[in-house]
Amino acid sequence: MSVTEKVIDQYSSRVYKNRKEHIVEVDENASNQIAANVRTIPGIITQRGCCYAGCKGVVLGPIKDALTIVHGPIGCAYYTWGTRRHKGKKEEGIDNYLQYCFSTDMQEPDIVFGGEKKLKKSIDEAMDLFHPSTILICSTCPVGLIGDDIHAVAKWAEQEYGIKCIAFSCEGYKGVSQSAGHHIANNQLMKFVIGEGDREIKNKFSVNILGEYNIGGDGWETERILKRIGYEVVATFTGDSSIDDLKNAHLANLSLVQCHRSINYIAEMIETKYGIPWMKVNFIGVKGTIETLRNIAKYFNDPELTERTEAVIADELGLIQDDISYYKSKLKGKTAAIYVGGSRAHHYQHLLHDLGVHTILAGYEFGHRDEYEGREVLPFIKPDADSKNIESITVEPDPAKYHVYLSEEDLDKLKEEKLIDYYGGMVKDMQNGTFMVDDLNHFETEEFLKLLKPDIFFSGIKDKFVAQKAGILSRQLHSYDYSGPYAGFRGAVNFARDITMGIYTPAWSYVKAPWKTAPILEGTLGGSEAC
Ligand code: CFM
Ligand code: HCA
């Protein structure tokens, strides 16, 4: 029996058929087609989040000067505020609401009689206390079910207070997972924010960083390197960003896409409307960062910039090389499994490879087939459950703001080389015999860990404990267990240090479950006495 069969053999036939399509043993001579972005089977303990988490928590959460009101129960508001790490620096003249959690705190009477009045009251209060220039409203499941018109309330707020107010109908149930919420957030930012700015950009080497959320300070490290070389970062979507930055994104000369899943819609629309092409980049991993910097320099095609790029690479490498060699000597030959959202399961394979660690299993919670197999599969992806619920907006070139940096001929050359408008997906960087698993659930996590025995399992908060109880080290790749940054050159050292410390402190492998070591005393577990 193969590993895959062993894992899913215990399912009933219907579940077996479904899950079989989500598990691929990589084989370079096969298609490696995977089923992705389909609803989780009810009853299965998935690690996925919801549409609202993707919109409010992920894309909008890091925008520091927008006062974002969650219209819904307080638990939803708290979840997207207290878990995702939104790091932002105070900037002169720019509000920062990241430390606050705003919600209408819907109660049963609001569900029965409607919540619009309460939402308006919350906006009145927010204006009174904070005077924000932008309010974002995000709806949670009950709002969609009872039909509160948050878009009408947003219009009212704009007229009443002369501010920008944008509503996001991102009810949790609306899509397969977080990915539906990314799409909704992308649409509204495109419609109501991007293109409105008129900042003067003097530096022709100007870029946007798309899909960089500054977890653990990654965005700051990426920006530090880019600025050292001589780039101007116009807007970052959306780590440590402001609405004003995002309004000016149409003025850059290139969009760099770090997380393809969460922002590919905006990347494409910016290109169509304003002429700015996008390049898939990866600032995770030393080799990944170097390759990315060289690719960006290739696009701007300027001898001095290319020279500075090489000088900065040499200098940064010089500073980290000894540390990386030391950690590599400690980590070489170890194995890893990675299961995160929609992009890090790929990016971190590069950094692990730099350190001599072999990734034997990788999966996404909600990546689509293009994140697994590459954008070449886009024409073959059937309309998914999300496409029924989520608007797909189209944009036209804006004659006043459309601008090009490269000639059509030069751009076409880069497209042929797959440096522009292309993402190759995770599978191309995975070796034969390794596993790609989509929407990995609790049960499968336990089984795969037993069979593959990786030295480390990179996960989120929900699945971390499955690994630890199995005696296997786990590091969170969403929050970095409050460490970081892990991006760029300096980040690679932080990461190597953290996992070396973990691997050489195998505390979890020493822990035995109490029921395996001591007899269970009568009456201490279960039954009415225990309650
Ligand atoms: Fe992109 Fe992200 Fe990710 Fe993502 Fe996320 Fe995240 Fe993630 Mo958690 S945007 S897909 S929805 S890289 S919040 S910063 S860590 S699941 S792998
Ligand atoms: C989300 C946010 C999350 C959750 C992390 C986790 C994040 O999807 O709602 O499950 O550990 O990165 O904060 O992905």
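Visitor: Why does Val-112 count as exposed?

Guide: Val-112 has a relative accessibility of 62%. Buried means under 20% relative accessible area, exposed over 50%, and partly exposed in between, with a 1.4 Å probe and protein chains only. Val-112 is therefore exposed.

Visitor: What kind of model is this, and how are its parts numbered?

Guide: This is a predicted model, in which local features need pLDDT of at least 70, side-chain atom pairs count only at pLDDT 80 or more, and totals for chains, interfaces and linings use all residues. Residues are numbered from 1 along each chain as its sequence is written, chains are lettered from A and ligands numbered from 1 in the order in which they are written, and side-chain values use heavy atoms, without hydrogens and water.

Visitor: What makes the nonpolar surface patch?

Guide: Ile-111, Val-112, Phe-113, Leu-145, Ile-146 and Tyr-173 make this patch of about 640 Å². Helix 5 (108-113) and helix 7 (141-146) are the elements that give two or more residues to it, and helix 5 provides the largest share, 3 residues. Patch residues have over 30% relative accessible area and no salt bridge; like charges are joined within 9 Å, and nonpolar side chains (Val, Leu, Ile, Met, Phe, Trp, Tyr) within 5 Å. A salt bridge is a side-chain nitrogen of Lys or Arg within 4 Å of a carboxyl oxygen of Asp or Glu. Accessible areas come from the Shrake-Rupley method with a 1.4 Å probe, and for residues only the protein chains shown count as cover.

Visitor: Why is Glu-271 called buried?

Guide: Glu-271 is called buried because its relative accessible area is 14%, which is under the limit of 20%. Glu-271 is part of helix 12 (residues 260-274); helices (H or I, at least four residues) and strands (E, at least two) are DSSP runs, numbered from the N terminus. Beyond its neighbours within four places in sequence, Glu-271 is in contact (heavy atoms within 4.5 Å) with residues including Trp-278, Tyr-402 and Lys-415.

Visitor: Which peptide bond is cis at Thr-238?

Guide: The bond joining Phe-237 and Thr-238 is cis, with omega about -5°. Thr-238 belongs to strand 7 (residues 232-238).
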